[in-house]
Amino acid sequence: MRLTFHLAGINNQNFLMRDEETGTYWQQINGLAVAGPLRGRQLTLVLSDELTFAAWKSEEPAGTVLSDVPKYVAGYARRDWDVRMKRAPTVIDFPEHGLKARDLMLGIQAFGASRAFLYDQVIREKLVKDRVGGEPVLLVVGPDGESVRAFRDRIPGVDGAPDFYRMGGNQAGAGMMDAATGSQWNFQGCAVSGPAKGACLERIAMLKDYWFDWRNYNAKTSVYGR
Amino acid sequence: MLACLAVSLSAVVYPMYVIRPFRTQGARELAAALVVMRWRPAITVISAVLALAMLACYWRSQLRRWRRVLAAVCAGLVCLLAALARVNVYELMFHPDARPAFRAASQVKLDGREKVIAVKIGGSARAYPIRAISYHHVINDVVDRVAIVATY
């Protein structure tokens with residue numbers, strides 16, 4: 001059944017949606033039906049990125065972009081909306097790991113675990129090598145110095161840890177190289193030269209969210225570096 | 001009549017009280033408020049029909065004018081609440097983009113530093129500028145013949 005969703009309410013500062021076909025209420029952060037006839041059902045997550053328009057356009061020049069609705073443009077957010085919102089109060093807080101309620105996190109739910117990474121820390125480090133649920137993962141900052149993607153840290157068909165490092169140190173725009181094959185990799189996680197050319201790393205879904213919201217829905221989350 | 005007014009008023013006000021921004025929502029009260037929200041269009045219509053029927057009876061049986069006026073005001077309020085029960089306050093604050101339109105990336109005048117939420121399904125790539133989706137919050141879309149909802 002195809003559902004048509006509407007903004008319908010808020011649950012501790014995370015929106016609720018209502019579908020007009022069944023009247024079910026769905027939690028925005030995880031697509032879980034929380035009330036109504038489809039309660040307990042889960043929407044399928046579509047892998048998405050949060051990128052700068054320039055980074056996305058360079059990868060997808062034939063892509064299409066949601067148009068503004070002219071009569072509502074005056075109400076649209078200014079750039080860095082999520083950073084500006086850091087001043088807004090929250091109704092719940094989890095003062096753990098030395099984090100503030102509105103610290104921006106990158107959250108991963110994968111391999112039976114959830115783990116959060118402080119966005120500013122990832123941007124500083126440019127390439128984060130870590131484990132989620134015992135599985136090695138990579139967080140890679142894009143050429144624009146703002147966009148981040150997560151990958152499983154395994155090269156298909158290659159045994160052992162690839163041991164990625166940034167070429168050109170931590171400069172913006174630097175690509176990656178892996179020590180196992182000596183191949184060069186781009187921000188899309190694909191080898192562009194070397195023995196692994198053509199191979200792509202497995203993408204991992206990641207959500208940019210405020211700490212209070214991520215922690216509210218991931219009670220057992222661990223935090224990178226804390 | 002007063003019972004109809006109380007029921008309709010509760011059906012409209014209780015969810016608004018519980019589900020409002022900058023207030024903590026407890027799990028049980030939220031569940032109760034969502035049940036009320038789901039059924040309140042029907043509840044308030046039944047209440048309004050009953051109130052109007054009672055008004056008709058009352059009008060014939062009561063000769064005192066002020067009592068008739070009071071009953072009419074009560075019935076009017078119940079009807080007004082039935083209309084209010086159909087208003088989505090959140091879509092008044094954040095107007096939906098009911099018919100989202102899309103343009104080729106090459107034709108879009110958008111600052112390169114603006115953030116977008118991007119998806120790729122099949123061979124189709126779609127970007128939702130955060131400046132827009134953080135206002136509308138919900139975009140019902142079809143990408144490469146797959147129905148999705150983009151939400152922020």
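Start with helix 2 of chain B, where B:Leu30, B:Ala33, B:Leu34, B:Met37, B:Arg40, B:Thr44, B:Ser47, B:Ala48, B:Ala51 and B:Leu55 are buried. Buried here means that 20 or more other C-beta atoms lie within 10 Å of a residue's own; 12 or fewer makes a residue exposed, anything in between is partly exposed, and the C-beta atoms are placed from the backbone. Helices (H or I, at least four residues) and strands (E, at least two) are DSSP runs, numbered from the N terminus. This is a predicted model, in which local features need pLDDT of at least 70 and side-chain atom pairs count only at pLDDT 80 or more, while totals for chains, interfaces and linings use all residues. Residues are numbered from 1 along each chain as its sequence is written, and chains are lettered from A and ligands numbered from 1 in the order in which they are written.

So what covers the buried residues of helix 2 of chain B? The cover includes pieces of both chains: strand 1 (5-11), strand 3 (25-27) and strand 4 (33-35) from chain A, plus helix 1 (2-18) and helix 3 (65-84) from chain B itself. Contact means that the C-beta atoms of two residues, placed from the backbone, lie within 7 Å.

Now follow helix 2 of chain B from end to end. Its 35 residues (27-61) should span 51 Å at 1.5 Å a residue, and the end C-alpha atoms are 47 Å apart, which agrees. The expected span is 1.5 Å times one less than the number of residues. There's a bend of about 55° at B:Trp39, with a proline, B:Pro41, following within four residues. That bend is the angle between axes fitted to the seven residues ending at a residue and the seven starting there.

Step back to the whole of chain B. It has five helices and five strands, and along the sequence they run α-α-α-α-β-β-β-α-β-β. The domain assignment, which is automatic or from a database, gives chain B domain 1 (2-87) and domain 2 (105-151). The C-alpha centres of these two domains of chain B lie 40 Å apart. Along the principal axes, the C-alpha trace of chain B spans about 75 × 35 × 30 Å. Its radius of gyration is 23 Å, whereas a compact globule of 152 residues would have one near 15 Å. The radius is taken over C-alpha atoms, and the globule rule is 2.2 Å times the number of residues to the power 0.38. In chain B, 33% of the 152 residues count as buried. Of its contacts between residues at least 6 apart in sequence, 49% join residues at least 24 apart.

Chain A has four helices and 18 strands. Here the assignment gives domain 1 (5-35) and domain 2 (47-226), with C-alpha centres 26 Å apart. Five residues of domain 1 of chain A are in contact with six residues of domain 2 of chain A. The C-alpha atoms of chain A fill a box of roughly 55 × 40 × 40 Å along the principal axes, and buried residues make up 34% of the 226. Of the contacts in chain A between residues at least 6 apart in sequence, 40% join residues at least 24 apart.

A few loop residues are worth a stop. Most residues other than glycine have a negative phi. A:Gln13, in the loop between strand 1 and strand 2 of chain A, has a positive phi of about 70° although it is not a glycine. Because it has 20 C-beta neighbours inside 10 Å, A:Gln13 counts as buried. Over in chain B, B:Phe22 has a positive phi of about 60° and is not a glycine either. B:Phe22 is in the loop between helix 1 and helix 2, and with 10 C-beta neighbours inside 10 Å B:Phe22 counts as exposed.

Back in chain A, A:Glu21 is in the loop between strand 2 (14-19) and strand 3. A:Glu21 counts as exposed because it has 12 C-beta neighbours inside 10 Å. Leaving aside residues up to four places away in sequence, A:Glu21 touches A:Met1, A:Leu3 and A:Thr4.

As for confidence, chain B averages a pLDDT of 94, with 100% of the residues scoring at least 70. pLDDT is the predictor's confidence in each residue, from 0 to 100. For the complex, the predictor gives an ipTM of 0.93 and a pTM of 0.91.
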